[in-house]
Amino acid sequence: MVILKKANMKTTAQKSSVHIFRFVSILLFILLLSACINYPSERDGKNAFESKIKRAINEQIIDKKQINDGTTEILSFKKVNAQRQEKSGVKLYILEYEAEIRYPKGLNLKYKRCLDTSQFQGWDCYLASMGGLKVRDKGQSEKLNGEIVFEKTEKGWRDELGNIY
């Protein structure tokens with residue numbers, strides 16, 4: 001009788017270790033699968049947005065001392081939608097966002113003359129207005145929305161400026 005109880009205990013222990021092994025195996029499989037299917041996160045989108053804004057502003061600034069010197073501050077960034085696409089065999093991830101930025105020191109852009117919209121000021125003004133860049137007062141904030149396109153590469157997801165995430 002004692003021998004039977006020991007045999008039953010051993011098979012019960014073996015059964016529970018088999019269940020644990022199966023559970024761990026399934027969990028590892030799910031983790032590996034999810035690691036293979038990763039897309040740019042909201043944080044990646046925010047970093048790409050920040051790079052894009054800084055580059056656009058730095059190209060337009062009159063006072064070069066303002067470059068990357070607290071010119072902009074991102075108050076909020078939110079991913080509102082995303083879409084996966086494939087074009088010509090290239091995988092794309094289009095992240096749509098809403099953001100709010102503030103200009104703590106204000107912003108003086110070289111296209112200040114372009115603010116006079118009463119008459120056509122030239123193609124440089126037209127192109128600057130298409131970028132949405134204008135003079136900003138100290139502390140002024142604005143809400144922006146748009147999209148950031150990421151492209152899948154061997155090293156990860158590349159944003160429009162070439163940064164890899």
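**Start with the whole chain**

Show the protein chain as a cartoon and you'll find three helices and four strands; here helices (H or I, at least four residues) and strands (E, at least two) are DSSP runs, numbered from the N terminus. Reading from the N terminus, the elements go α-α-β-β-α-β-β. A note before you click: this is a predicted model, in which local features need pLDDT of at least 70 and side-chain atom pairs count only at pLDDT 80 or more, while totals for chains, interfaces and linings use all residues. Residues are numbered from 1 along each chain as its sequence is written, and side-chain values use heavy atoms, with hydrogens and water left out.

The protein chain exposes about 12000 Å², with carbon and sulfur atoms supplying 55% of that; the areas come from the Shrake-Rupley method with a 1.4 Å probe, and for residues only the protein chains shown count as cover. Of the 165 residues in the protein chain, 24% are buried (buried means under 20% relative accessible area, exposed over 50%, partly exposed in between, with a 1.4 Å probe and protein chains only).

**Select the sheet**

Pick out the four strands. They make an open sheet in the order S1-S2-S3-S4, with antiparallel pairing (two strands pair if DSSP finds at least two bridges between them). S1 and S4 are the edges: each has a single partner strand, so one side of each is left without a neighbour in the sheet. From one strand to the next, the twist averages 30°, using lines fitted to C-alpha atoms as axes (for helices over the stretch in contact) and angles from 0 to 180 degrees between N-to-C directions.

Walk across it, strand by strand:

- S1 and S2 run antiparallel and are joined by 13 bridges.
- S2 (residues 90–103) pairs with S3 (residues 140–153) over 12 bridges, in the antiparallel sense. Click Tyr97 and look across to its bridge partner in S3, Gly146.
- S3 pairs with S4 (residues 156–158) over three bridges, again antiparallel. Glu151 has Arg158 in S4 as its bridge partner, and this hairpin has two residues between S3 and S4.

While you have side chains on display, remember that in a regular strand they alternate between the two faces of the sheet.

**Go inside**

Which residues touch the most other members of the largest nonpolar core? Select Phe49, Phe77, Leu95, Tyr97, Ile101, Ile148 and Phe150, out of 16 residues in that core. The term means a set of buried Ala, Val, Leu, Ile, Met, Phe, Trp, Tyr and Cys residues joined through side-chain atoms within 4.5 Å. H2, S1, S2 and S3 are the elements that give two or more residues to this core, and S2 supplies the largest share, six residues.

Zoom in on Leu95. Not counting residues up to four places away in sequence, Leu95 touches a list that includes Pro40, Gly45, Phe77, Ile148 and Phe150 (contact means heavy atoms within 4.5 Å).

**Look for rings**

Across the whole structure, a search finds seven aromatic pairs: rings of Phe, Tyr and Trp (its six-membered ring) pair if their centres lie within 6.5 Å, and planes under 30 degrees apart count as stacked, over 60 as edge-to-face and the rest as tilted. Phe49 and Phe77 form a tilted pair, 5.5 Å centre to centre with 40° between the planes. This pair links distant parts of the chain, 28 residues apart: Phe49 is in helix H2 (residues 42–60) and Phe77 in strand S1 (residues 73–87). Phe49 counts as buried because its relative accessibility is 1%, and Phe77 does so at 12%. For another stop, select Tyr39, Tyr93 and Trp157, which form one aromatic cluster.

**Two last clicks**

Thr72 sits in the loop between H2 and S1. Is Thr72 buried or exposed? At 19% relative accessibility, Thr72 counts as buried. Leaving out residues up to four places away in sequence, Thr72 touches Ile53, Lys54, Ile57, Arg102, Tyr103 and Pro104.

Finish at Arg43 in helix H2, which is exposed with a relative accessible area of 67%. Arg43 and Lys79 are 9.0 Å apart in space, C-alpha to C-alpha, and 36 residues apart in sequence.
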